[in-house]
Amino acid sequence: MQLIERIPVYYRRQLGTLLGLLGLILIFWIMTPYFLTPSNLLNIARQTSINAIIAIGLTFVIIAGGIDLSVGSMLAFAGVVTAGALNLGIPILGSMIIGISVGFLCGAVNGVLIAWGHLPPFIATLGMMSIARGAALLFTGGRPISGFSVSFRFLAEGDFLSLPIPVYIMIGLYVVGHFVLTRTKIGRYAYAIGGNEEAAVLSGVPVKIYKLIIYGISGALSGIAAILLTARLNSAQPIAGIMYELDAIAAAVIGGTSLMGGEGLLIGTLIGALIMGVLRNGLNILGISSFIQQTIIGTVIILAVLIDMFLKRRKK
Amino acid sequence: MLNEYLLEMHHINKIYPGVVALDDVSFKLKAGMVHVLLGENGAGKSTLIKIISGATLKSQGLIILDNEEVDILNPREALDLGVATIYQELNLVPQLTVAENIYLGREPVTKSGLIDQKRMMQDVTEILNSLGANIPPESKVSSLGIARQQMVEIAKAISIQMKILILDEPTSALSHHEIEQLFSVIRKLKENGIGIIYISHRLEEIFEIGDCVTVLRDGKVMGNFPVESVKLSELIRLMADREVHDHFPKQEAKPGAEILQVEHISRKGILHDISFSLHKGEILGISGLMGSGRTELARVLFGVEKADTGTIFLNKKEVRIDSPREAIQNRIAYLSEDRKVQGLILKMSLENNISLPGIKGITVIGIIRKEAEHRLAGRYVNELHIKATGLDQLAESLSGGNQQKVVIAKWLVCQSDIFIFDEPTRGIDVAAKVEIYHLMNQLTARGAAIIMISSELPEIMGMSDRILVISYGRIAGEFLPKYCSQENLLECALGVDHAVN
């Protein structure tokens, strides 16, 4: 108990989620010893990284009191543009920057529509979900773009000190994201806007500009995820990333980010994303049909939020 | 024997934590009478009607309705007992038709279980005709003006066979002609034996529509009169004349140079040609009823709302203030009326709340210097004696007085020169009030200027160097607290007298 007391208030909520994750791992370990082998754990980490990266952006957006349904489509669009750039012979780094910029710009458009156009985030990003998907399909004529250099594919398939590169990228982004969220003006303003937008305005927070930045961040992270996915599949698909928004929202929400805004931490989101990844992987190993998998994952999301709400109410 | 009273309330007490809202209030309503409730903001009128309409529970006392003792536990029960309330904010569903609104929740059904549209239309038409209101029952409520929406509410009350109708400031948004129409409907209701409780700030209406009047002040009944036997001046005296038992630690500060000058500010329908000046070291009290435009004036000065015309000078220089951000850059601070809705981010720690408007001072290329933030917040927590478990305590779990101090700390960080306090001591306990008055003194001693908007006349009288009264969006008078009484201010705010001292 004393140990818990020493954890800052903000982080205590994450402890429950972590216990949930450990519990899941334990269950799968008991059911199939293969689950806890190093190669499978690395596999989970690699699979989780893309959802976990998108979920960083969604955590920012949700903390700021919004929602972003367009991440999956922005991923597809950024992915095909990156691929197109690579095919034109643009160097890898340049292509990546172009892809990430495409994501950022789509996100920034969301931000403009929401902040200056006063559209509800749900509507603006729902529209962008369709627009970016259409743009991806138009860009490639509906066909995937495949076949990239080994060095590009290394981004997803390579290892360093026996850990997959995407895991390094994910961890790096989480460290940076956590810093931005807790130590910079962007993060502070995100909490302020989501916690009480009116009070934020009256405190001189330039709410509109920061909404643009925050939705832009979400788009840019979709762009990064797009590069990893494209490298992993060795193919950029205009139909990639469908339903990714739901997994990312689930990761954030399981991790304790409040859909009402103003509350949440990236540590929780990371654990949430791992829970989703462990569930998928474990159920796959056990050979459970994907129909049942979907049902189980949905149940876990609902249970996690129900328990969270129950605990919060009891505290009051 | 039949009781001549529809409603009797005996020795009603209502106690909120720390506040006695009603203190031994007795009130009787006769059938076919319009009984006016009179009192300042916070005198207890709203609490009283909330108890009658089931919106809140009495702490003690007896309510007799139709010769029977009743406990009104919720609004539903009040309606079942025939008590209908029409609030200032109307309670209609704009997207539904007039008839659907009137029968909402108790729609008549045909044998087959469908809504009996025909009967509904017939009944509603009948009721509306009896009111002399020419409103088609099938029109959408959203297409009606306020006056006609009010008629729909009255029709709804009639359709539930109300015996008592409570009208809370029904005329505040009506034109002269519409008021006449409302009064003629009220007279019809009287003829049908309905008892009406009427709340209004427009004193002249009392004599036009009222039969008797009860004056409340600080939760107590100050008097009960038939309208024909009482004078307006007497009513005002009873409303305002309270003993000043609070202690106001007012320290005289020497007003210095002019810091703010406001010229001819107008905002259509809300503010009319407001001009005044503010000096360093001065507390300028702004008195006026709720809705008189005082908060809107503050919001214009702080750049939340735009004035249609008018100019603002800071230190003799003309400035444009188009957003709170620009106001803050011009060293203006605004402590809003409702700290929970507008002042604080409740789920944030008090430290993060304090540093929010002045965050620039503790950031380097967008990165917040935690050490500096701790030092800053810690300093103000000490200086203002904010009671908290730590800097990371969430703002929502602080007491009202401490929350208000956090809001003040926010603006101290910004080194503001002009503080606009809107209801600075609402809902906080006496000890914390006095601390906040002391803080104001410290600010003015330092050369800051304060605009203090308050509904509490003793506070205005006790803390201001100069007082402006705003009435119906105009500056109705300017007073010096030494040479005026609370009655003078109230008279002026009510628009009875346009005298300028």
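Colleague: Which residue in β12(B) is the bridge partner of Ile265(B)?
Modeller: Ile274(B) is that partner. Keep in mind that this is a predicted model.

Colleague: What makes β11 and β12 of chain B a pair?
Modeller: Two strands pair when DSSP finds at least two bridges between them. Strand β11 (residues 258-267) and strand β12 (residues 271-279) of chain B are joined by six bridges and run antiparallel. The count passes the cut-off, so the two strands are paired.

Colleague: What stands out in the hairpin of β11(B) and β12(B)?
Modeller: Three residues lie between the strands, and Gly269(B) has a positive phi near 75 degrees.

Colleague: In what order do the six strands of the open sheet in chain B run?
Modeller: The order is β6-β7-β8-β3-β9-β10, and the pairing is mixed.

Colleague: Why do β6 and β10 of chain B stand at the edges?
Modeller: β6 (83-86) and β10 (220-226) each have a single partner strand, so one side of each has no neighbour in the sheet. On average, neighbouring strands of this sheet are turned by 20 degrees against each other, direction ignored.

Colleague: How do you know that β9 and β10 of chain B pair?
Modeller: The cut-off is at least two bridges. Strand β9 (residues 212-217) and β10(B) share six bridges, in the antiparallel sense. Across from Val215(B) in this pairing is Gly223(B) of β10(B).

Colleague: Which strands of chain B does helix α6 lie across?
Modeller: Helix α6 (residues 176-191) lies across β3 (34-38), β7 (164-168) and β8 (195-199) of chain B. The helix runs at about 145 degrees to β8(B).

Colleague: Which residues of α7(A) and α11(A) meet?
Modeller: From α7(A) come Phe152(A), Arg153(A), Leu155(A), Ala156(A) and Glu157(A). From α11(A) come Ile227(A), Leu228(A), Ala231(A) and Arg232(A). By class, this contact has six nonpolar, no polar and three charged residues.

Colleague: What makes Lys156(B) buried or exposed?
Modeller: The cut-off for buried is 20 or more other C-beta atoms within 10 Å. Lys156(B) has 22, so Lys156(B) is buried. This lysine is found in helix α5 (residues 146-159) of chain B. Leaving aside neighbours within four places in sequence, Lys156(B) is in contact with Asn101(B) and Ile102(B). Lys370(B) is 214 residues away in sequence and 59 Å away in space, C-alpha to C-alpha.

Colleague: How does the radius of gyration of chain B stand against that of a compact globule?
Modeller: A compact globule of 501 residues would have a value near 23 Å; chain B has 25 Å, which agrees. The C-alpha atoms of chain B fill a box of roughly 75 × 55 × 45 Å along the principal axes. Chain B comes to 17 helices and 22 strands, and 46% of its 501 residues count as buried.

Colleague: How many residues of chain B are in contact with chain A?
Modeller: 25 residues of chain B are in contact with 21 residues of chain A. On the chain B side, α10 (324-329), α11 (339-343) and β18 (367-368) each supply at least two residues. The chain B side divides into 14 nonpolar, six polar and five charged residues.

Key: Residues are numbered from 1 along each chain as its sequence is written. Chains are lettered from A and ligands numbered from 1 in the order in which they are written. This is a predicted model: local features need pLDDT of at least 70, side-chain atom pairs count only at pLDDT 80 or more; totals for chains, interfaces and linings use all residues. Two residues are in contact if their C-beta atoms, placed from the backbone, lie within 7 Å. Helices (H or I, at least four residues) and strands (E, at least two) are DSSP runs, numbered from the N terminus. Ala, Val, Leu, Ile, Met, Phe, Trp, Tyr, Cys and Pro count as nonpolar, Asp, Glu, Lys and Arg as charged, and the others, Gly among them, as polar. Axes are lines fitted to C-alpha atoms, for helices over the stretch in contact, and angles run from 0 to 180 degrees between N-to-C directions. The radius of gyration is taken over C-alpha atoms; the globule rule is 2.2 Å times the number of residues to the power 0.38. A residue is buried if 20 or more other C-beta atoms lie within 10 Å of its own, exposed if 12 or fewer, and partly exposed in between; C-beta atoms are placed from the backbone.
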